[in-house]
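Morning, everyone. I have one model to go through, so please look at the screen.

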Amino acid sequence: MGLGYRGAMALFRRRAQLPEPVAAHLPDGDQPLVSAPLANGPWVVVARNALLVVGEEGLAQRAAWHEIETGTWDGETRTFTIIWADRERGEESLVFDSDDVALFTSALRERVQASVVHHETIQIGSTRVRATVRRREDESMYSLITAFGPLPDSPEVERELDALESRVREAVGL
């Protein structure tokens, strides 16, 4: 019998087993769901509200789920690359100690997707454009437009982008 929704979620709800000197530096309220050691010493932690990089020296990074667009895994180099929702922010690579990352990547995807309230994608010329409404940790929502390529600078394109953003915002009551 396969795992249903409840069974799969139970995997994410188990307490991550961090070494005590590392766990001592977790911020209050950031309950670990899944964790994995990185090759350079710290651990990466999927917590309820954020992705954390933490080591015995302290918290190195905390990124709320709404800040992350997606990620890619390169099994050959054991590297997970974070692609930020703010495309002006450079990609970030995390090199894992092991290639056993299925639980980590599944939990990360689930948490990132949980921050997406609504989205719509259109095509403008040869460029795909996505408007997304995302939820922050404080439950406030915001909209974001991402173009996956160049867009012409014209009043018509601006009107299409404005209309797209209006539709996604209206769909969620913003």
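The model is predicted, so local features need pLDDT of at least 70 and side-chain atom pairs count only at pLDDT 80 or more, while totals for chains, interfaces and linings use all residues. Residues are numbered from 1 along each chain as its sequence is written, and side-chain values use heavy atoms, with hydrogens and water left out.

Strands here are DSSP runs of E, at least two residues, and helices are runs of H or I, at least four, numbered from the N terminus. Two strands pair if DSSP finds at least two bridges between them.

β1 and β2 pair in the antiparallel sense over five bridges. They form a hairpin with five residues between them, and G41 in the turn has a positive phi of about 115 degrees. On to the next strand: β2 and β3 also pair in the antiparallel sense, over four bridges, as a hairpin with two residues between them. There V45 stands opposite L52 in β3.

Is β2 buried or exposed? Buried means under 20% relative accessible area, exposed over 50%, partly exposed in between, with a 1.4 Å probe and protein chains only. Five of the five residues of β2 are buried, so this strand is largely enclosed by the rest of the structure. W43, V45 and A47 point one way, V44 and V46 the other.

Last, contacts, meaning heavy atoms within 4.5 Å. Leaving out residues up to four places away in sequence, L108 touches V46, L51, W65 and F80.
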